[in-house]
Amino acid sequence: MNFRFLAIALTISWLAIFVFLPHLLLVNTSLLTPHLEHLAVWPATLDNFQKVFTPLYLSVFLHSLELSAIATIICLLIAYPFAWIVSAHTSSVRAWLLFLLVLPFWTNSLIRTYAIKILLGKNGVVNTIMTGLGLWQEPMQLLYTEFAVIFGLVYLLLPFMVLPIYSSFDKLDPTLLEAGRDLGAHTLQRFARIILPLTMPGIIAGFLIVFLPAMGMFYIADLLGGAKNLLLGNIIKNLFLVARDWPLGSAFSVIMMSIMALMLLVYARVNHYVQRRGGLDDQNL
Amino acid sequence: MTRTSRWFFLMAVFIYLYAPIAILVVNSFNSSKYGHSWKGFTWKWYDKLLDNNALMQAFWHSLTVGLLAASFAAVIGTLMAFSLYRYRFALKKAAGGMLFIVMMSPDIVLAITFLVIFMVLGIQLGFWSLLISHITFCLPFVVIVVYARLNGFDGNLLEAAKDLGAGEARAFFTVVLPLSMPAIVSGWLLSFTLSLDDVIVSSFVTGPSYEILPIRVFSMVKIGVSPEVNALAALMLVVSTILVLIAQLFIRKGKNQ
């Protein structure tokens, strides 16, 4: 028993038992038959995947995709200029700005979702201000709408979009921009031909770590969405903890994993392309 | 964009991020339960928070899991990073791939994989299931920071230690560990943050024997308003800010030495 053996054994056994095996079991469960008492039993079947595509589940699934997509795009629209501006500061200011960005994480995200609920309520601050200023005649129904879910998703996920984009701005070589300017490219050209392509890995990385997780955040839909604005996470949670249809719940998760694999593939492609064109390394994730 | 409009944009984003929390903090001192208007200053919600045994217990449980998970993740993650950095072994690529999967998988998928494995292994849902799953989802982040640090320092130091007769363990404890301490500390902090922030994984692997904060809070705020949660949020924010500032000082001091 030497140190080397122990370190390697720990690494492999922990990852095998708590990562590899569980994922394998999840895929396996998605192919089994649901059973009320034993949760999932043989024989293997593809029924679960067929059930995913029945109108009832499909409509919730698509609505959830739509909500996440909108939230992700709004995150991107805020995070991109934000990261750009932050990266232009001196390193001590940058450190402070990034610190302020991640500080709210130290309060549990459920508590922050509750904060949004208070903010958007019928008698909440937004309604009080807007009616007080006379902009709205009477309080608007903000809570339990699509708007509230998207607002909450953007609120919780924005930093995850900022950080990878910031990291690709950080690596952007300013001499490339000078070269562009010297060669007569105007601002818009410099943005479209130099900045945007070179920060694309950051954008895609941000997209990856925001889009799919957004679909899983069931507590946002629970607190802010009402019954009509469910996320995929609500379906999965319900299937596992209430309806106890583990195979169908697993099938939904396997589909999520497949979407993620597909997006990673795209990311790898783009990164490869940028590496060839701009000499950057693969460190955005 | 002009300088002013850039600052204006930054301010707007920070207002968006902080306004909801600020409202909670202000309301934690507001006599009015629903916080529609200011009805005068009070400490009563803090008193109620301290009297709310279930909530306080859930808070301590969360803190315990967070501290333990961060510490175990720091230890195991450092050993993992060291193995991946220094040794060649079968399944090395696979180990890296597994860490990548943990980092990239949406929480909800991870939560379910944990639930399934605990069922299969017969581990009761409660303290141990929470601890194991929190350690696991923190691991890749520790490995990344520590590995980057190891990559950054002079490999000859390890060779020198070996030439001077130090075994692998001795070299690890006397050379690698002190040198990668700043990275381990930030990995620990990151893990603690992730653990405290987690809702999704915890909701799946928690059991009635060990209730933690998100579960307790969820049942309190699902229906109505509860000012104790405001008080709790304010306390967490203050404590965490102080902790982070101390950690920053610590890291900066380490860098200067």
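Is A:Asn234 buried or exposed? Select this residue to begin the tour; the model is a predicted one. A:Asn234 counts as buried because its relative accessibility is 9%, under the 20% cut-off.

**Stop 1: A:Asn234**

The residue sits in helix α11 of chain A, which covers residues 232–242. Show the contacts of A:Asn234 and leave out neighbours within four places in sequence: A:Phe218, A:Ala221 and A:Asp222 are what it touches. The C-alpha atoms of A:Asn234 and A:Leu100 lie 31 Å apart, and the two residues are 134 residues apart in sequence.

**Stop 2: A:Tyr219 and the nonpolar core**

Next select A:Tyr219. Beyond residues up to four places away in sequence, A:Tyr219 touches A:Ser109, A:Leu110, A:Thr113 and A:Leu156 in chain A, and B:Val199, B:Ile200 and B:Phe218 in chain B. A:Tyr219 also belongs to the largest nonpolar core, which has 185 residues. Together with A:Leu153, B:Ile108 and B:Phe204, it is one of the residues that touch the most other members of that core. To see where the core draws most from, colour helix α3 of chain B, residues 53–86: this helix gives 16 residues, the most of any contributor.

**Stop 3: chain B as a whole**

Chain B is built from 12 helices and 0 strands, so its run of elements from the N terminus reads α-α-α-α-α-α-α-α-α-α-α-α. Along the principal axes, its C-alpha atoms fill a box of roughly 75 × 55 × 35 Å. Of the 257 residues in chain B, 52% are buried. Among its contacts with a separation of 6 or more, 73% join residues 24 or more positions apart.

**Stop 4: aromatic pairs**

B:Phe29 is in the loop between α1 (3–27) and α2 (44–51) of chain B, while B:Tyr46 is in helix α2, so the pair ties together parts 17 residues apart in sequence. B:Tyr46 counts as buried, with a relative accessibility of 11%.

Then select A:Phe3, B:Phe82, B:Tyr87, B:Phe172 and B:Phe173. Ring pairs link these residues into a cluster with members from chain A and chain B.

**Stop 5: the second largest pocket**

What volume does the second largest pocket hold? The space in it comes to about 530 Å³. The pocket is lined by 19 residues, and those closest to its centre are A:Trp84, A:Ala88, A:Phe169, A:Leu177 and A:Ile195. Colour four helices of chain A here: α3 (55–87), α7 (146–171), α8 (174–182) and α9 (187–216) each supply at least two lining residues. By class, the lining holds 11 nonpolar, 2 polar and 6 charged residues.

**Stop 6: the largest cavity**

The structure holds 3 cavities of 30 Å³ or more. In the largest cavity there is about 60 Å³ of space. To show its lining, select A:Asn108 from chain A, then B:Ser62, B:Val65, B:His134, B:Ser195, B:Leu196, B:Asp198, B:Ile212, B:Leu213, B:Pro214 and B:Met236 from chain B. Two or more of the lining residues come from each of α3, α9 (181–197) and α11 (213–221) of chain B. The lining of the largest cavity divides into 6 nonpolar, 4 polar and 1 charged residue.

**Stop 7: two backbone angles**

Most residues other than glycine have a negative phi.

Which loop holds A:Tyr144? A:Tyr144 is in the loop between α6 (125–132) and α7 of chain A. Its phi is positive, about 60°, although the residue is not a glycine. A:Tyr144 counts as partly exposed, at 39% relative accessibility.

Finish at B:Leu91, which is in the loop between α3 and α4 (92–104) of chain B. B:Leu91 is not a glycine either, and its phi is positive at about 70°. Its relative accessibility is 52%, so B:Leu91 counts as exposed, the cut-off for that class being over 50%.

Note on methods. Residues are numbered from 1 along each chain as its sequence is written. Chains are lettered from A and ligands numbered from 1 in the order in which they are written. This is a predicted model: local features need pLDDT of at least 70, side-chain atom pairs count only at pLDDT 80 or more; totals for chains, interfaces and linings use all residues. Side-chain values use heavy atoms; hydrogens and water are left out. Buried means under 20% relative accessible area, exposed over 50%, partly exposed in between (1.4 Å probe, protein chains only). Contact means heavy atoms within 4.5 Å. Rings of Phe, Tyr and Trp (its six-membered ring) pair if their centres lie within 6.5 Å; planes under 30 degrees apart count as stacked, over 60 as edge-to-face and the rest as tilted. On a 1 Å grid over the protein atoms alone, a cavity is a set of points where a 1.4 Å probe fits but cannot get out, and a pocket is an open set with protein on both sides within 12 Å along at least five of seven lines; lining residues have an atom within 4 Å of a point. Grid points are joined across faces, edges and corners, and a volume is the space filled by probe spheres set on the points. Ala, Val, Leu, Ile, Met, Phe, Trp, Tyr, Cys and Pro count as nonpolar, Asp, Glu, Lys and Arg as charged, and the others, Gly among them, as polar. A nonpolar core is a set of buried Ala, Val, Leu, Ile, Met, Phe, Trp, Tyr and Cys residues joined through side-chain atoms within 4.5 Å.
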